[in-house]
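Subject: Structure handover

Hello,

Here is the structure I said I would pass on. My notes come after it.

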Amino acid sequence: MIRLSYDLHVHSCLSPCAQDEMTPRNIAFLADMLGLNAVALTDHNSCKNAAAFFKAAEKTDIIPIAGMELNTQEEIHTLCLFPELRAALAFDDEVVYPSLMRFKNREDKNGKQLVMDENDDITGREPLWLAPATPIPLYSLAEKVKAYGGIMVPAHINRLSWGVISVLGDVPGDCGFDCVEVRGKEAVENLKARYPYLNECRIIHNSDAHKLDGISLPVNFIETEEKSAKGVIAALSKAAGGGRRAADGGRL
Ligand SMILES: [Zn+2]
Ligand SMILES: [Zn+2]
């Protein structure tokens, strides 16, 4: 097995709430300098900076992972991570972008949504506001993401806003996820005691960085069978202790 440090929740300057300094190139190079192995770009409801991130990452040793932080119909933030750039872009083009509410982004109120190339040049500005909820329900998201080879991971489940616990009051075991993101390692045991399904889940910790000094140091690790995005996604797909599949007698 290969032990990889990771940060799988990082926003670029495409997210209206992220700093302009979060260019795909800066993220790739800083993550590499910090010693991170696997880094996922997860902008709100969009993968439009993922291609530039991948190109920039070619000059580094990091494993780039394409994804997004999708805002479900219930206003639950959920990471969608894909083993290949092409699959992530297709998921965005075919599933997410056509479903976005047609609200124009107000740069003065919401922030800029910059589309960049790998050299830090601005190639466009996303006109639709990326932050609002999509019409995609949490209960149907896993299937949609899986159709593109990806996985969904409810984000910051213990956050007071946009987390599955604050919205649903529970961590449901029947939504098709085997991995969740928890803020703070110290919160895990208490959460497991209160929400039993977490004992069957893999739990990961990410930075949710919106500015460069928010990107994680290499303090979180995952064991993979191969040093690739595919390897990371496969490792995240394996729930703790056999997880829900084993508990259900392999029916799922
Ligand atoms: Zn979020
Ligand atoms: Zn986020």
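This is a predicted model: local features need pLDDT of at least 70, side-chain atom pairs count only at pLDDT 80 or more; totals for chains, interfaces and linings use all residues.

Core

The largest nonpolar core holds 69 residues. Ala38, Ile65, Leu81, Val153 and Val232 are the residues with the most contacts inside this core. Helix H2, residues 50-57, gives the most to the core, with 7 residues. In soluble globular proteins, nonpolar side chains tend to be buried together.

Val232 is in contact with Ala38 and Ile65, and also with Leu4, Tyr6, Ile63, Ile222 and Thr224, leaving aside neighbours within four places in sequence.

Helix packing

Two packed helices are described by the angle between their axes and the distance between the axes. For H1 and H2, the angle is about 40° and the axes are 8 Å apart. The crossing of H1 past H2 is right-handed. On the H1 side the contact is made by Pro24, Arg25, Ile27 and Ala28, and on the H2 side by Ala52, Phe53, Ala56 and Ala57.

H2 also packs with H3: their axes come within 10 Å and cross at roughly 165°. The two helices are therefore roughly antiparallel to each other. H2 passes H3 in a right-handed crossing. Ala50, Ala51 and Phe54 of H2 make this contact with Leu85, Ala88 and Leu89 of H3.

Ile27 deserves a separate entry. Ile27 lies in helix H1, residues 24-34, and counts as buried because 29 C-beta neighbours lie inside 10 Å, where 20 or more are required. Besides Phe53, Ile27 is in contact with Val10, Ser12, Met22, Leu41 and Ile215, leaving aside neighbours within four places in sequence. Ile27 and Leu41 are 14 residues apart in sequence, and their C-alpha atoms are 8.8 Å apart in space.

Helix H5

Which residues of helix H5 (residues 138-146) are buried? They are Leu138, Leu141 and Val145. Seen down the axis of H5, these buried residues fall within an arc of 25°, so they line one face of the helix. An α-helix has 3.6 residues a turn, so residues three or four places apart point the same way. The cover over the buried residues of H5 includes strand E3 (63-71), strand E4 (77-82), helix H3 (85-96) and strand E7 (151-154).

Loop residues

Trp162 is not a glycine, yet has a positive phi of about 60°. Trp162 is found in the loop between E7 and helix H6 (164-168), and is buried, with 20 other C-beta atoms within 10 Å. Asp208, also not a glycine, has a positive phi of about 55°. Asp208 lies in the loop between strand E9 (202-204) and strand E10 (221-224), and is buried, with 22 other C-beta atoms within 10 Å.

Is Arg183 buried or partly exposed? Arg183 is partly exposed, with 15 other C-beta atoms within 10 Å. Its place is in the loop between strand E8 (179-181) and helix H7 (188-194). Leaving aside neighbours within four places in sequence, Arg183 is in contact with His156, Asn158 and Arg159. Arg183 and Arg159 are 24 residues apart along the chain, and their C-alpha atoms are separated by 7.2 Å.

Regards

Note on methods. Residues are numbered from 1 along each chain as its sequence is written. Chains are lettered from A and ligands numbered from 1 in the order in which they are written. A nonpolar core is a set of buried Ala, Val, Leu, Ile, Met, Phe, Trp, Tyr and Cys residues joined through C-beta atoms within 7 Å. A residue is buried if 20 or more other C-beta atoms lie within 10 Å of its own, exposed if 12 or fewer, and partly exposed in between; C-beta atoms are placed from the backbone. Helices (H or I, at least four residues) and strands (E, at least two) are DSSP runs, numbered from the N terminus. Two residues are in contact if their C-beta atoms, placed from the backbone, lie within 7 Å. The arc is that of the directions from the helix axis to the C-beta atoms. Axes are lines fitted to C-alpha atoms, for helices over the stretch in contact, and angles run from 0 to 180 degrees between N-to-C directions. A crossing is left-handed if the near helix is turned anticlockwise from the far one by less than a right angle, and right-handed if clockwise. Angles under 35 degrees count as roughly parallel, over 145 as roughly antiparallel, 65 to 115 as roughly perpendicular and the rest as oblique.
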